[in-house]
Amino acid sequence: MNIMNVDYSTKIPNNVNLSEDRQVLKALEGWHPGYIDWWNDMGPDGFQQSLVYLRTAYSVDPRGWAKFDYVKMPDYRWGILLAPQEENRTIPFGENFGQPAWQEVPGEHRATLRRLIVIQGDTEPASVEQQRHLGKTAPSLYDLRNLFQVNVEEGRHLWAMVYLLQKYFGRDGREEADELLRRRSGDADSPRMLGAFNESTPDWLSFFMFTYFTDRDGKMQLHSLAQSGFDPLSRTCRFMLTEEAHHMFVGETGISRVVQRTCEAMKAAGISDPADVAKVRALGVIDLPTIQKKLNLHYSLSLDLFGSEVSTNAANAFNAGIKGRYKETAIDDDHRLQNATYPVLKLIDGKIKRVDEPALTALNMRLRDDYSQDCVKGLLRWNKIIALAGYDTRLELPNVAFHRQIGEFKDVHATPDGVLIDDATWNKRKGEWLPSTDDGDFIASLMTPVTETGVYAPWISPPKVGIDNKPGDFEYVKIET
Ligand SMILES: [Fe+2]
Ligand SMILES: [Fe+2]
């Protein structure tokens, strides 16, 4: 069988030769009905009988791997796709640097690997649950289709992690796979494992912020796991990254289009001060200060996903060869880091200071720094739109000490500029920096669905280009009525 192409003759499409791996095939087929139940209960609310113009992977060849067609979401072919095996791949970092990559789980790293796979796996269905109500208020068929594309692919990412659990972790792997279908985002008794995945995604601006900032955390985690010495995990993550890029594209262009529309409306109305919230809102578009607040919220929630700045877990996973750094193989150093240091922001005597820490324990901080740098690209684009419209204001990433629940700054309050403030000041002023109930109500008031082909809600610009070279007025979803 050609590893590049996916076998669609079996119930579960795959390029891992499942038809000859009876035990794993049986386990996956046993898990499948529970997955479909989960999709029906917790996947997109409505539209399950609609024909959606979705891409499905038929290959893992980077030059051409997806085909587009109308599919009813429950009929989507969720499958197991691994990037091709690299011949003679070696472990690119840690104490086992240079040794052959593992094709089976090394006994001593079994627990760590399982935990990392379960945590990654848990985020995938969580975001589908968080986004399940958004279809009802989509600003266009184009956006509706993008939402569903993201949703079915997060479903596939769950499959990707479940395959690893069922193939390599025996009975406890199968139990973990079942647990992944049992937890629910935001549930009081059995929540998802990470904070940002238990928050709600109440409106489309949140959806765009989530796919820009939180899916990008996913990108960083997948990149680090793609370096793993455990080869099946590496190959799985490498292919997931191909799909993930589209999710962040949806976020980046979504926010661009909101900013674009707001600037156009302000200009047409002769508004010179973008901070005149009431005047801007009267135009039926989302004011820039509210966009900044949403950005502050989603960026800070996403920073929490990187964990504590200083972490022995991170050091152990690196030493073991399980989780590397972002673009590990492109970094020019010894890839062992035994004597290296890395600057970490810490709270010392009530001040934010940069302190050199052992690079091994500072790996979360390093990945978070790489993440922040990656986030900046979108801000440059959005600010260019604002500047081109002639407005002298800009969107900014808040300081890493702002609104944190995990790590060095969890017990203090800081402004978006990174000035430490007391509880009273925080409580008085947080509405200036984070979305208030009023802000949420205003955005909600704009969220009326648009289902006519080629028409876009008045608070968002049409896209510059369509999906799969189709025009913006293509019927991306044939809604079943
Ligand atoms: Fe994902
Ligand atoms: Fe994603």
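Predicted model: local features only at pLDDT ≥ 70, side-chain atom pairs only at ≥ 80, totals over all residues.
**Iron ion (ligand 2)**

I started with the angles at the iron ion (ligand 2): its 4 donor atoms span 88 to 164°, and I noted the site as irregular. Residues are numbered from 1 along each chain as its sequence is written, chains are lettered from A and ligands numbered from 1 in the order written, and side-chain values use heavy atoms, leaving out hydrogens and water.

I then looked up the donors, meaning N, O and S atoms within 2.8 Å of the metal (3.2 Å for Na, K and Ca); water is not among the atoms, so sites may look incomplete. For the iron ion (ligand 2) I found Glu 154 (OE), Asp 215 (OD), Glu 244 (OE) and His 247 (ND1), at 1.9 to 2.2 Å. Along the sequence I read their spacing as E-x60-D-x28-E-x2-H. Asp 215 sits in helix 5 (residues 204-226) and Glu 244 in helix 6 (residues 231-268), so this pair ties together parts 29 residues apart in sequence. Helices here are DSSP runs (H or I, at least four residues), numbered from the N terminus. I checked burial too: Asp 215 and Glu 244 are both buried, that is, under 20% relative accessible area with a 1.4 Å probe, protein chains only.

**Iron ion (ligand 1)**

Here I got Glu 124 (OE), Glu 154 (OE) and His 157 (ND1) as donors, at 2.0 to 2.2 Å. Their spacing is E-x29-E-x2-H. Glu 154 coordinates both iron ions, which I have at 3.5 Å apart. Glu 124 is in helix 2 (residues 110-130) and Glu 154 in helix 3 (residues 141-168), so the pair links parts 30 residues apart in sequence. Both Glu 124 and Glu 154 came out buried.

**Largest pocket**

I put the largest pocket at about 830 Å³. Of its 43 lining residues, those closest to the centre are Ile 119, Gln 221, Leu 305, Phe 306 and Lys 323. A pocket is an open set of points on a 1 Å grid over the protein atoms alone, where a 1.4 Å probe fits, with protein on both sides within 12 Å along at least five of seven lines; lining residues have an atom within 4 Å of a point. The volume is the space filled by probe spheres set on the points. Helix 5 gives the most to the lining, 8 residues.

Notes: Helix = DSSP H or I, 4+ residues; strand = E, 2+ residues; numbered from the N terminus. Buried < 20%, exposed > 50% of the residue type's maximum accessible area, 1.4 Å probe, protein only. Tetrahedral: all angles 85-135°; square planar, octahedral: opposite > 155°, others 65-115°.
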